[in-house]
Each structure stands twice: as C-alpha cells, then as structure tokens.
Amino acid sequence: MDIAGSAALVTGAASGLGAATASALAARGATVYGLDLEKAVAAADGQPDGVVLIAADVTEEASVRDALTRVHDDGVPLRLAVNCAGIAPSARILGRDGPHDLELFHTVLKVNLLGTFNVMRLAAEALARQEPDAHGQRGLIVNTASVAAFEGQTGQIAYAASKAGVAGMTITAARDLARHGIRVMTIAPGIVDTPMMAGFSEEVRAGLGATVTFPQRLGRPDEFARLVTMAVGHDYLNGETIRMDGALRMNSR
C-alpha cells in the first residue's frame, strides 16, 4: 500500500512516538491528522508540513467521530490509522498505602485499551468506505502495545493488563476486518527515548539502555515510525504483534 496522496490518522501525535510517526508519514506524502488532548496540542511545537493537529480524546466517541468527519470533509481518502496515545502510571497491587487504586486501574485501561479500541472501530468504519486498490486493500490500522504486555514489571499491573489487551485484539481484529480489505498490526516497543523518559537522569537512562541485549541503548521514536511505514508498504504483514526491543526481556524490576 502506498500512503502518498492519502490521509493518515495518528493518535498521541503531539509528542513521542505519535509525533515521530506523524512526521515520517507526512514526509512520505501523506496528509496526517494528529489527535491529542487539548493541552498537549496547545503545548506542541510547530508541526511539519502535512501534519494537522486536532484536539480530541481517544476515549470519547463524539471526539473521534468529529476528527474523522474533518478528514472526510477535507476530501483526502483515509488509508491508515495509528494508535500511539497512552499513559503509564506505576502502582503495585498491594503497596504501602494499601491496595491498588481501582480508579487508577480503570483510567489506564480506559485510555490504553478502550481508547485504542474506540479509534480502531471508528477508523475501520471510515476505511471500509474507501475504494479498494487493485489487490482489494482499503487500509491499515497499527496499534501500540508494549513488551510489558508479555513481561510486565513490578508496579506495571494496570499498564501490562492494558497492553496485553491491545496485543490480544490484534489477530481477532485482523480476522474481523479482512472482509473489508483492512489489515491490522501491533507494535510492542521496549524502552524508547520518549518525553516520558525526560525526567530520568543520564545515569538512569544509560542503565536502562544497558539492559537491552543489542544494541545496548534506548530505542528511538523514529525507529518506531520506520516500523509503521514498513508495515504500510508490506502488504503481507497482517494480524501480528512485532516486538521492537533489541531482544530485551524485562526483569521483574
């Protein structure tokens, strides 16, 4: 599938993986509509040509529908949706202050899992309306899981559960949407140097990089973006979760 001349929807696009993905897709000729929370959009630096940021909450149906209506009204056919929006608070099932806060667990699942599903289902509806190419393809949805889906560390119970859910949806979503000519892929990153890492010292960041098998460094957002573009161009990739982690296998802490 060629993304040039088409539209792409990217969530979490104001920073980190989403911003890198939006930029990479725009560089390849796509018109990118980047969704993020209003405060994130307001705080974002200038976007590259071809990227339009829209304030939207991935957990709200009306918010995502409004964004997709904007894409439709602009007249560029939507061919790709990439879910990068997510949060990663830390808490143990039983900590010093008692059991894990139920509302926190609910919030993490709501943003990471329900938000991904919400965008996926609504984007699929929009993709299914497009004309298929010569091979019957209408588009691709790429979701973001994490290595925590498979080796969640201490304090990652909510995050691990949410990302395991994203990975678990992949093959079923691919099977559900095959009749519409829509592929579904998931990327499970390891430790990536995103703004969430900004609060750590260089010493801590170097220590985290040293836990990676090879290359012994943190991943980069542009590497995630390159994997998205590879999935776009590789029509036989479908229903799979790809780990992008330098052969990292997370320890318990």
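1. Helices here are DSSP runs of H or I with at least four residues, strands are runs of E with at least two, and both are numbered from the N terminus. Isoleucine 157 is found in helix α6. The model is a predicted one, in which local features need pLDDT of at least 70 and side-chain atom pairs count only at pLDDT 80 or more, while totals for chains, interfaces and linings use all residues. Residues are numbered from 1 along each chain as its sequence is written, and side-chain values use heavy atoms, with hydrogens and water left out.

2. Isoleucine 157 has a relative accessible area of 35% and so is partly exposed (buried means under 20%, exposed over 50%, partly exposed in between, with a 1.4 Å probe and protein chains only). Together with Ile93 and Leu94, Ile157 forms a nonpolar patch on the surface, with about 310 Å² of accessible area in total. Such a patch joins nonpolar side chains (Val, Leu, Ile, Met, Phe, Trp, Tyr) within 5 Å, from residues with over 30% relative accessible area and no salt bridge. Areas come from the Shrake-Rupley method with a 1.4 Å probe.

3. Side chains of opposite charge can pair when their charged atoms come close. A salt bridge is counted when a side-chain nitrogen of Lys or Arg is within 4 Å of a carboxyl oxygen of Asp or Glu. The count by this rule is twelve.

4. One of these bridges joins aspartate 74 to arginine 70, with the closest N and O atoms 3.1 Å apart. Both residues lie in helix α3 (residues 61-74), four residues apart, about one turn of the helix. Aspartate 74 is partly exposed at 39% relative accessibility, and arginine 70 is partly exposed at 37%.

5. Helix α8 (residues 221-233) holds arginine 226 and aspartate 222, again four residues apart, about one turn. Their side chains meet in a salt bridge of 3.2 Å, N to O. Arg226 and Asp222 also belong to a network of salt bridges that links them with Arg217, Arg220 and Glu223.

6. Is aspartate 245 buried or exposed? Aspartate 245 is buried, because its relative accessible area is 12%. Its salt-bridge partner is arginine 243, with the closest N and O atoms 2.6 Å apart. Arginine 243 counts as partly exposed, at 24%.

7. Arginine 253 sits in the segment after β9 (241-244) and is exposed, with a relative accessible area of 69%. Arginine 253 and glycine 152 are 101 residues apart in sequence, but 9.0 Å apart in space, C-alpha to C-alpha.

How values were computed. Patch = residues over 30% accessible without salt bridge, like charges linked within 9 Å, V, L, I, M, F, W, Y side chains within 5 Å.
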